[in-house]
Amino acid sequence: MFLSVLDREEKDAFINLLYNVVKIDGRITKEGQAYIETYAVEMGLDKVKEDAYVNTNEELIEQFLTSSKKNQKVIYIELIGLRFSDCMNGDEEAFLDLLATELLISDEETTEITQWVREIL
């Protein structure tokens, strides 16, 4: 939806984060890979390969802390959209909570974002 506002480093970090999130349970489903490829196309990235993305979630969160607040919210919004695609399980949900906390997105904001994304999807 809004990923075009991210710079190249943020786009790569977002794809890395997607790989980490969709394989939190140890594997990437065909559906998860399709979502990643769709996001990559939306961001104008060449064909992405999982082995090129090796950063941990903690490293990626650290990187996103240097992003603008607007870009942090874009990343969070996109992950909430992925959540509603039924591509996430409980461990992935817990990561979303951690990400919101680390990016200082308040509970009120997460509720508003979640409701907004649910309405537009």
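This is a predicted model: local features need pLDDT of at least 70, side-chain atom pairs count only at pLDDT 80 or more; totals for chains, interfaces and linings use all residues.

Student: How many helices and strands does the chain have?

Tutor: Helices (H or I, at least four residues) and strands (E, at least two) are DSSP runs, numbered from the N terminus. Here there are six helices and zero strands. In sequence order the pattern reads α-α-α-α-α-α. The radius of gyration is 13 Å, close to the 14 Å that the globule rule gives for 121 residues, so the chain is as compact as a globular protein of that length. That radius is taken over C-alpha atoms, and the rule is 2.2 Å times the number of residues to the power 0.38.

Student: What does the C-alpha trace span along its principal axes?

Tutor: About 35 × 30 × 25 Å.

Student: How do I read contacts in the chain?

Tutor: A contact means heavy atoms within 4.5 Å. Take the contacts with a separation of 6 or more: residues 24 or more positions apart account for 78% of them.

Student: What share of the residues counts as buried?

Tutor: Buried means under 20% relative accessible area, exposed over 50%, partly exposed in between (1.4 Å probe, protein chains only). Of the 121 residues, 43% count as buried. T114 is a case to look at, in helix α6. T114 is buried, with a relative accessible area of 12%. Leaving aside residues up to four places away in sequence, T114 touches I80, R83 and F84.

Student: What about the accessible surface of the chain?

Tutor: Accessible areas come from the Shrake-Rupley method with a 1.4 Å probe; for residues, only the protein chains shown count as cover. The chain total is about 6700 Å², and 49% of that belongs to carbon and sulfur atoms.

Student: Which residues make the nonpolar surface patch?

Tutor: Patches are made of residues with over 30% relative accessible area and no salt bridge: like charges are joined within 9 Å, nonpolar side chains (Val, Leu, Ile, Met, Phe, Trp, Tyr) within 5 Å. Here M1, F2, W116, I120 and L121 make a patch of about 460 Å². I120 lies in helix α6, residues 107-120. I120 is partly exposed, at 40% relative accessible area.

Student: How many salt bridges does a search of the whole structure find?

Tutor: A salt bridge is a side-chain nitrogen of Lys or Arg within 4 Å of a carboxyl oxygen of Asp or Glu. The search finds four. One of them joins D12 and R8, with the closest N and O atoms 3.1 Å apart.

Student: Why are D12 and R8 separated by about one helical turn?

Tutor: Because they are four residues apart in helix α1, residues 8-22. D12 is partly exposed at 24% relative accessibility, and R8 is exposed at 51%.

Student: Where do E50 and K23 sit?

Tutor: Their side chains meet in a salt bridge, at 2.9 Å from N to O. This pair links distant parts of the chain, 27 residues apart: E50 is in the loop between α2 (30-42) and α3 (57-64), and K23 is in the loop between α1 and α2.

Student: Which helices hold E109 and K73?

Tutor: E109 and K73 form a salt bridge at 2.6 Å, N to O. E109 is in helix α6 and K73 in helix α4 (residues 69-83), 36 residues apart. E109 is partly exposed at 21% relative accessible area, and K73 is partly exposed at 26%.

Methods. Residues are numbered from 1 along each chain as its sequence is written. Side-chain values use heavy atoms; hydrogens and water are left out.
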